Every structure is written in C-alpha cells, then in structure tokens.
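Good morning, and thank you for coming.

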Amino acid sequence: MIGPPGAGKSLLASCLPGILPPLAPAEALEVSMVQSVAGTLAGGRISRARPFRAPHHSASMAALTGGGLRVKPGEVSLAHLGVLFLDELPEFHGMVELLHQDILLNDNGFSVTNRVHDNRPASRTPRH
Ligand SMILES: Nc1ncnc2c1ncn2[C@@H]1O[C@H](COP(=O)(O)OP(=O)(O)OP(=O)(O)O)[C@@H](O)[C@H]1O
Ligand SMILES: [Mg+2]
C-alpha cells in the first residue's frame with residue numbers, strides 16, 4: 001500500500017482480518033497445529049479465523065522465524081494460511097530479504113537460530 005503519511009495505510013491493513021475468508025476445515029487443522037506448538041491455541045479450541053500477524057519492526061529474527069532453546073514457531077509460521085503484515089517495511093532492516101532467502105532455500109521450511117531444522121509450514125513466501 002502506497003500513500004502519504006496519515007492516508008490510512010495502517011488503518012486499512014488493520015481492517016483486513018475482518019474480510020479474510022474463513023479457513024476450510026483442513027486448513028483450520030493446519031493452523032491449529034502451529035498454534036498448538038506455539039502454545040497459543042485458546043482453550044485447545046480449533047478456530048476458523050484466518051491468522052493475521054503484524055509483528056513490530058523491532059522484532060528479532062528469532063521472533064520472526066522461530067527458534068530458541070525450546071523451538072517455537074515464529075511470526076512467519078504463525079501467519080501460515082493467513083496474512084503476515086510488515087508495516088513500515090524498510091524499518092525491518094534487511095530481515096525480509098533474509099526471510100525470503102531462507103524460505104526459498106529451505107524448500108518452504110526454514111532454519112532457526114539454534115540451527116535446528118524446522119519444517120513447520122510457512123507456505124506463504126513474503127511478498128514486498
Ligand atoms: N479514511 C480514514 N477514515 C478515518 N480515519 C482515518 C482515515 N485515514 C486515516 N485515518 C486516521 O488517521 C490516523 C493515521 O492513519 P494511519 O496510521 O493508518 O496512516 P498511515 O498511512 O499508515 O500513515 P504513515 O505513513 O505515517 O504510517 C489513523 O489512526 C486513523 O485514525
Ligand atoms: Mg502507517
């Protein structure tokens with residue numbers, strides 16, 4: 001989205017979750033598996049809501065791609081079958097290029113910071 005400051009780009013993006021189509025049952029299962037690993041599955045219930053993730057540009061590479069000692073999904077995986085919204089893209093300082101490379105080079109999976117290979121789904125290659 002392109003426009004002068006205050007034109008409403010962020011406002012428009014924040015409205016996206018309201019018009020995303022619901023997940024099909026098989027998609028809902030896939031998304032729930034990622035949320036389950038992340039520990040964010042609300043009450044263990046499967047949701048039909050399509051993920052919408054909008055990490056802040058100060059988020060670390062590990063927060064975006066997942067990682068840590070006990071490997072957890074990052075924002076890319078949490079946005080699986082939904083939208084990963086990177087507001088103020090230039091502020092992400094080259095991380096998008098790294099993400100792009102990582103996802104392409106690892107056959108739609110990605111490696112995480114502690115070098116454990118992670119094949120959790122990340123079916124959407126970031127577009128910018
Ligand atoms: N069409 C609109 N209707 C109502 N309020 C609006 C509209 N566009 C912008 N605003 C108001 O202006 C504020 C700034 O908009 P927003 O942050 O979405 O702009 P932006 O295009 O993302 O700006 P920036 O380029 O500085 O990030 C919003 O908080 C919102 O309240
Ligand atoms: Mg904005």
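Helices (H or I, at least four residues) and strands (E, at least two) are here DSSP runs, numbered from the N terminus. By that definition, the chain has five helices and six strands. Their order from the N terminus is α-α-β-α-β-β-α-β-α-β-β.

This is a predicted model, in which local features need pLDDT of at least 70 and side-chain atom pairs count only at pLDDT 80 or more, while totals for chains, interfaces and linings use all residues. Residues are numbered from 1 along each chain as its sequence is written, and chains are lettered from A and ligands numbered from 1 in the order in which they are written.

Let us turn to burial. A residue is buried if 20 or more other C-beta atoms, placed from the backbone, lie within 10 Å of its own, exposed if 12 or fewer, and partly exposed in between. Of the 128 residues of the chain, 22% are buried.

Where does Val83 lie? Val83 belongs to strand β4, residues 83-84. Is Val83 buried or partly exposed? Val83 is partly exposed, because 15 other C-beta atoms lie within 10 Å. Two residues are in contact if their C-beta atoms, placed from the backbone, lie within 7 Å. Leaving aside residues up to four places away in sequence, Val83 touches Leu16, Leu20 and Phe52. Arg53 is 30 residues from Val83 along the chain, yet their C-alpha atoms are 6.2 Å apart.

Finally, contacts across the chain: among those between residues at least 6 apart in sequence, 62% join residues at least 24 apart.
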